[in-house]
Amino acid sequence: GSGWGWLGYDKSTDSVAITTCFNQDPLQATTGLVPLFGIDVWEHAYYLDYKNVRPDYVNAIWGLANWSDVEARLAAAKK
């Protein structure tokens, strides 16, 4: 498939949630979640480096993510 995987903040429950959006649908407008971290899983995002091995691409993302930024986004969303 194509689309995005997201970690978002749900203000109504004061919790984080993992969800997906198809195509380029915006997270907040379609789910109400404040975006904290997103991963593009369209083939164009990983094909040159990972060919058609999406799991390798997804596993590599965790080492590249700026978790301090994600934490700051969460703190800002809670205000």
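Biologist: Which residue in strand 2 stands opposite G5?

Modeller: In this predicted model, local features need pLDDT of at least 70 and side-chain atom pairs count only at pLDDT 80 or more, while totals for chains, interfaces and linings use all residues. Residues are numbered from 1 along each chain as its sequence is written, and side-chain values use heavy atoms, with hydrogens and water left out. Strand 1 and strand 2 pair in the antiparallel sense over eight bridges, where pairing takes at least two DSSP bridges between two strands. In strand 2, the residue opposite G5 is T20.

Biologist: Which residue of strand 3 is the bridge partner of G8?

Modeller: Strands are DSSP runs (E, at least two residues) and helices likewise (H or I, at least four), numbered from the N terminus. Strand 1 also pairs with strand 3, residues 34-40, in the antiparallel sense over six bridges. There, G8 has as its bridge partner P35.

Biologist: Is K51 buried, partly exposed or exposed?

Modeller: K51 lies in the loop between helix 2 (47-50) and helix 3 (54-64). Buried means under 20% relative accessible area, exposed over 50%, and partly exposed in between, with a 1.4 Å probe and protein chains only. At 45% relative accessibility, K51 is partly exposed.
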